[in-house]
Amino acid sequence: MCVPKDSAPKLAQTDQWIKTFDFDAFTADMKKLGDELEKNQGDADVRHLNKMIMWSNMCVLVGLLTMGFGVSIIPVVALSTFTFTRWTMIAHHTCHGGYDKCHPNKSRWNRFKFAVGGTWKRMCDWFDWMMPEAWNVEHNNRHHYCLSEIEDPDLVENNLVDMRNLPVPTIFKWMVLPFLVTTWKWFYYAPNTYKELKLAKWRKQGKKIPADVVPSDAVTVRSLIFGGTPFYSFTEFFSVVIGPYLLIHFFIFPLPLLAIGEYMGTGHDMYISAVKNLFLAELLTNFHGFVAIVTNHAGDDMYRFREGCRPYSGSFYLRQVLASVDFWTGSDFNDFMHGYLNYQIEHHMWPSLSMLSYKRSQPLVKALCKKHGVPYVQENVFWRTKKTIDIMTGSASMRWFPEEYEKKFLERDAVMELEKKNKKTTLLSDKAMEAVQE
């Protein structure tokens, strides 16, 4: 579907590509590619997952063996990388259902089984600040299917609106960044994901949201302490969400080093060293996560949208490209250090595929975008970090997708959905008639 020239609204220079964009052809190509990718998943995807698990486990093994022998960069980097990759690669893609159909162990490597069901499951599969059940709601549902809309809980421009509008020189805003970048997982992400879980339960129960509460506003540790939230108390948040991780990961987990230290005649030194290394690794993994995660959908070349769209519709596929960015791709080591988040465009188009499928699909998606004239952004992750910080501080703003075209594409989605239903109805009617005639 191309909009007739005589009815086409005026477009900014950066949006001129929309004039000749064939919406229907783009939709058909992306649907076809997605179907092919899903059909081709199998043993190779499981072997690749196991390889990444092995690499991640090697990191934690190095960290465990070295964290009691003084504070040094080796245990800090190793423990940080394990925490980062266990979340971004293993938990992330498993919780999306990337291995539901191809992994032989359905009792664990399944979106409805992995890390959910209590603290023990959380410890065995994915132990982090965020509660897995809460993250599944916030990320897998709200973020992925409301991308760059006001309902997107990870929309940086909206979540940092107070900082953006703060009437102080930008240099002072930059001074706050080290704290935000090294604490964001427990300070912002854990409480906000838990808010989304509670909000989903409220909506399911038909519970009325207070008039003075804006559901899209982020909940942070700061807002919990100074203002509170109607969804849960700080006591509940600590005891259910962050408390278990704080106590077990940082203090109980290294306890065996007390006994080892006593045996080796070093007293409490090994335990104290381990605790220090764990806390330093926490700062580093927050920084690593910020650079690879928060930057995925922020920048002055990323689009925002006003209304929601149907999942896996033409508008849906288009938005995933226009509101996401890929980083450098290539070798397994490069992808491992990016947490496989360097294939963000492909992941958002088909969230329930494996890591290996995204590696396969990236050049194909890029070629299709070039064919249809759709902007496909792929840049160095550190350059994207600079662009994200510009959004956070208010030095730059994201683009709004032209409203007239947003509406036209949503209307076209509805027509295509109706045509699809009518086609199915016709086919069923034909089969019924054939059966009668036989």
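**Close-up views of helix packing and pockets**

**View 1. Packing of helix H2 against helix H3.** In this predicted model, helix H2 (residues 43–66) and helix H3 (residues 73–95) pack with their axes 8 Å apart and at an angle of about 150 degrees. H2 is therefore roughly antiparallel to H3. H2 passes H3 in a left-handed crossing. On the H2 side, the residues in contact are Met 52, Ile 53, Ser 56, Asn 57, Cys 59, Val 60, Val 62, Gly 63, Leu 64 and Thr 66; they meet Ile 74, Pro 75, Ala 78, Leu 79, Thr 81, Phe 82, Thr 85, Arg 86, Met 89 and Ile 90 in H3. Sorted by class, this contact has 13 nonpolar, six polar and one charged residues.

Terms: helices are DSSP runs (H or I, at least four residues), numbered from the N terminus. Axes are lines fitted to C-alpha atoms, for helices over the stretch in contact, and angles run from 0 to 180 degrees between N-to-C directions. Angles under 35 degrees count as roughly parallel, over 145 as roughly antiparallel, 65 to 115 as roughly perpendicular and the rest as oblique. A crossing is left-handed if the near helix is turned anticlockwise from the far one by less than a right angle, and right-handed if clockwise. Contact means heavy atoms within 4.5 Å. Ala, Val, Leu, Ile, Met, Phe, Trp, Tyr, Cys and Pro count as nonpolar, Asp, Glu, Lys and Arg as charged, and the others, Gly among them, as polar.

**View 2. Crossing of H3 and helix H12 (269–293)****.** The axes of H3 and H12 come within 8 Å and cross at roughly 45 degrees, so the two helices are oblique to each other. Their crossing is right-handed. H3 contributes residues including Pro 75, Leu 79, Phe 84 and Trp 87, while H12 contributes residues including Leu 278, Leu 284, His 288 and Ile 293. The contact of H3 with H12 divides into 12 nonpolar, seven polar and no charged residues.

View 3. The axes of H10 and H12 cross at roughly 135 degrees and come within 9 Å. H10 is therefore oblique to H12. Tyr 245, His 249, Phe 250 and Phe 251 of H10 make the contact with Tyr 271, Val 275, Leu 278, Phe 279 and Glu 282 of H12. By class, seven of these residues are nonpolar, one is polar and one is charged.

**View 4. The largest pocket.** About 1,300 Å³ of space lies in the largest pocket. Its lining has 49 residues, with Asn 159, Leu 160, Tyr 188, Ala 218 and Thr 220 nearest its centre. Helix H8 (170–205) is one of the helices that each supply at least two lining residues, and H8 gives the most, with nine. The lining divides into 28 nonpolar, 14 polar and seven charged residues.

Terms: on a 1 Å grid over the protein atoms alone, a pocket is an open set of points where a 1.4 Å probe fits, with protein on both sides within 12 Å along at least five of seven lines; lining residues have an atom within 4 Å of a point. Grid points are joined across faces, edges and corners, and a volume is the space filled by probe spheres set on the points.

**View 5. The second largest pocket.** The second largest pocket has a volume of about 400 Å³. Among its 18 lining residues, Phe 82, Met 123, Phe 127, His 249 and Phe 253 lie nearest the centre. H3 gives the most to this lining, with four residues.

**Notes.** Residues are numbered from 1 along each chain as its sequence is written, and side-chain values use heavy atoms, with hydrogens and water left out. Local features need pLDDT of at least 70 and side-chain atom pairs count only at pLDDT 80 or more, whereas totals for chains, interfaces and linings use all residues.
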